[in-house]
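Subject: Structure handover

Hello,

Here is the structure I promised you. Please open it next to this email and follow along. My notes come below it.

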Amino acid sequence: MAYQPKSYKKFVATAATATLVASAIVPVASASGFSDVQADNEFATYINALAEAGIIGGYASDNTFRPNNKLTRGQVAIMLGRWLENNGATIPADWDTNPRFEDVSTSNEELAKYAALVKDAGVFTGVAGKLNAADNITRENMAVVLDRVSKTVTGTSLVELAADIEDVTVADLGTTQYKEQVQALADLGITTVSNFRPKETVSRAQFAKFLYTSLEVIEAQAVTAEKLQAEIDAVAKTLPAVDSITADNAAAAKATVETAKAELAKIKTAIAEAELTEEEVAGLEKAIAAVETTMQAVVAKADKAIEDAKELAVESVKMINATELLVTFNKTVNKDSANTEANYKIETKAPFTVTTVDVADVQLQEDGKSAIVRVNNTTLTPAVVYNVTVDGVVDTKYAKIKKYEGTVTATEAAAPTLAGVAYVGGTVELTFKEEVDFANAIVKVDGVQVTTADFAAKSSNAGEYTYVATLANAANKTEGAHSVSVVGLKNKAGKEATTLTGSYTVSNDTVAPTVTKVTASETSAYEFTVEFSEVVTAPTVKVTKGSTTYTATATADTATAKKWVVAINDISGANALYPTNVNEVAVNYEISGFKDAANLIGTAVTGSVTLSKDFVAPAVKSANLNTITTTSGDTVIVVPFTEAITAVGSTVTVKDPEGILQTANVSVVNGSELKLTIASHATKEGKYEIVLPSGLVTDGGSNKNVATTTSVTYTATTTNVVELANTAITPSNSVVNGVNTNVITVNFGQEMTETALQLANYTLDNVALPAGTTIGFVGNKNTVQITLPASYVVSTDAAYKFAVSKDLTTKAGQAIRLDDNAATVSTLQLEKNITLQDNKAPELKNEAKLLLNGATATTEANQVKLTFSETLQAVGTTAPANIADDFIVKVNGTVVNHTVVGNASNSNEIVLSIGSFNTAQTVTVELASTGLNLVDVKGNVIVGGKSVTATK
């Protein structure tokens, strides 16, 4: 198709009338000067606008428009062709050699050109190969070509544009086969009449209005920089303010960002396809970048809010080798607390025995969420289950972890592997993923043995195992590649590796080291850091301020010695680095004398760096970290601070849980913790409020704390467990309503929490209690009564192991245990073997038999034998009358008298005597529904309401 349209954006109309946004057609009142179109003509605006745009013309002979003349199909083809051409379409090159319609002659050049254009564009398809240009166009055909021209230019037809608009009523819509096209004109406001008159013709003036309003709708879809910017602005407005994001709305905020991403993707596509200037594209891309930056900030804040809202917990614990565990947390943790060995406990367990595995080192990994825990001088034994406890770790907000208690099964250790080889200044470094032993190893470089005794651990941190040895052989340090082999190397589990190989490359270093960065210290007012391009020897550093020269000492900050910390000395007295009331000074430095491993000396560097005193006052870390204990009759409260402190004041005031003000003596422990001691004070349960006055402590500089109130809560725990004896469990089996209750009573000896009422905390034979079990306190909250459902124990008494979970706690917060051996607290449960009684009620089987006595087959004295599902209590040959009352005997539907003959010992049968009857008649026995007296051997009353028919 020759037509190449401008760029348009598909849209859904939301109003009955589209608004002209970017039309090349500007309405004017009388610019064309048609002699028969007056300014007050209702169609003048549309006629003159189209005429000015060159889309519609008049009659040159007399300068008339002839608005009331009927419009022909040829005239419509020409007008639409002109508009397509104005919008980038080109006349097909073969218009004169390849006529599109057989009834259009090339002698009419204008019609032939535009007929070819509209045919190729799919606007006019013709009828049986003809355009029928001289025929008047009907209103419904006009609706069709207007719908098609929109589809051609924008990719969206008028019908599609109107799809989401509520239909306007068109009274005569049923008279046209082009219902959708006519309805679209009405819905889009292109026509406003209630009767469209589809079969009627169109005047030239009427078509001018139809075409103009249709082109308004079409032109409104044109993509412009202004529209795109408006859409970008609209996307930006959907994003929430970063400061407004909390854990509650974080998920919704992230969802908004995802929606915004999708919208921006559409806008980017529209920009790529639109006809825009480079300047417009650059402006739009800048606007999009700004929105994307905001989106990133929203997501970051939302993620942080979600992260902060989590309760810190351990996600998993797994072995990574024979001496190390990887502990993974669900959020970022405080490094100091994560690296504290005392916060991790690893134990082996056997009945009444506990062996604690010493934790040697813990190192938080770069992700801030996982820590490697290394055990000391031992390995974890394969197939042994270890109990792992993690407690005391805090997150970055100092919120404490949910105590973790879990297990990990040690697996068979694998042989060590060589993770890397490096050459650093005349030494070879071998890196492994675990600790290794070089005692019996043979290491060779290029076939020349390196003394394994020379290999020293470069780092003793968990998870970091690099061993370094000096290369004595000069050939091993020459330029080029060098091979390394290791034989006989073992790990701590004694697993020996096969031959390990690696290599390193020595380059001919001709580049001297350089200073890459000099930065002021963030922790000291008298230090700055110098970073070099490579590992260097200690540099010489000269520091001056004005005419004063200060001595300075450089200390390697890292093992690779690429970073050195310079400390300025002689900073007091007459030449004090900071004059009185001055908190920021610039000093000049000269750094020289530094060499790399190739003995290349770096060029001396001079410059200046601005140092500043610490302006951040020490503050209480978090009330979550405050602790309270009773020591030697004194109450001791410890309040951690954010940095090292010195106590200035000697006492503070503490309000105890009863509101009584107490005086606490002040001291500093562990450098950054304020210790408050209330002498001879009986610690009380509840909250202690601590008032720390301004200036109580100071940091290493001159910063003092601001006035702060914090608190700590004390819960009395004279012991962490309560001892329970097995005899506290008592089963009882009284009969209630004819059924053994199988009640189990547990007396805990003191008041319990609601945990004692959770059925999940009890088991029978190691499985959950049966459905229908009920539980409740009885008498007080010291004793729990558990009632099992009827029919749980069938036919005979049975022994069961009843167990109480260790997860129960007393009101005082204590955990239960079996005895006073603390080693059993986390493994043993309170348990007892108990006997439960049969509580299944016997049921009448469908097995009634007639017992015939005598020789006559028709009239005899007879008995009926009934069979039950289990053994009945013996009733003897002369049963009590109340047993007979349990049964109703009928012969041929008539109730007859009967007596109970009795049953044998341990029998599930009973015999009724019913007197004489004709055996041809039917005998039935029914059980009463209530008030039954016959029971099984355990006293469970038979199930009533059943009936049976006796057979011979």
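**A four-stranded sheet**

Four strands make an open sheet, ordered β9-β10-β15-β14, with antiparallel pairing. Its edge strands are β9 (418-424) and β14 (456-457), and each of them pairs on one side only. Strands pair through backbone hydrogen bonds, either parallel or antiparallel. Here, two strands count as paired if DSSP finds at least two bridges between them. Helices (H or I, at least four residues) and strands (E, at least two) are DSSP runs, numbered from the N terminus.

β9 and β10 (residues 427-432) run antiparallel and are joined by six bridges. Gly-420 sits opposite Thr-431 in β10.

**Before you go on**

The model is predicted: local features need pLDDT of at least 70, side-chain atom pairs count only at pLDDT 80 or more, and totals for chains, interfaces and linings use all residues. Residues are numbered from 1 along each chain as its sequence is written, and side-chain values use heavy atoms, with hydrogens and water left out.

β50 (residues 887-891) has two faces. Phe-887, Val-889 and Val-891 form the covered face, while Ile-888 and Lys-890 form the uncovered one. In a regular strand the side chains alternate between the two faces of the sheet.

β50 pairs with β54 in the antiparallel sense, over five bridges. Ile-888 stands opposite Glu-926 in β54. Strand β51 (residues 894-896) is also antiparallel to β50, with three bridges. There, Val-889 faces Val-896. β50 and β51 form a hairpin with two residues between them, and Asn-892 in the turn has a positive phi of about 55°.

Look at α2 (residues 73-86) next. At 1.5 Å a residue, its 14 residues should span 20 Å, and its end C-alpha atoms are 20 Å apart, which agrees. The expected span is 1.5 Å times one less than the number of residues. Eleven of the 14 residues are buried, so α2 is largely enclosed by the rest of the structure. Buried means under 20% relative accessible area, exposed over 50%, and partly exposed in between (1.4 Å probe, protein chains only). Among the buried residues of α2 are Arg-73, Arg-82 and Trp-83. Their cover includes α3 (109-120), α4 (139-154) and α7 (204-219). Just after α2, Gly-88 takes a positive phi of about 105°.

Then find α9 (residues 250-273). Its 24 residues should span 34 Å at 1.5 Å a residue; the end C-alpha atoms are 35 Å apart, which agrees. Its buried residues include Ala-250, Val-257, Leu-264 and Ile-271. α8 (225-238) and α10 (278-309) are among the elements that cover the buried residues of α9.

Glu-324 is in strand β2 (residues 324-329). The side chain of Glu-324 does reach the backbone nitrogen of Gly-463, at 3.0 Å.

Asp-936 lies in the loop between β54 (923-927) and β55 (947-949). Asp-936 is buried, with a relative accessible area of 0%. A polar atom of its side chain lies 2.7 Å from the backbone nitrogen of Asn-940.

Best wishes

How values were computed
A polar contact is a pair of N or O atoms within 3.5 Å; within protein, one must be able to donate a hydrogen and the other to accept it, and residues adjacent in sequence count only if both atoms are side-chain atoms. Contact means heavy atoms within 4.5 Å.
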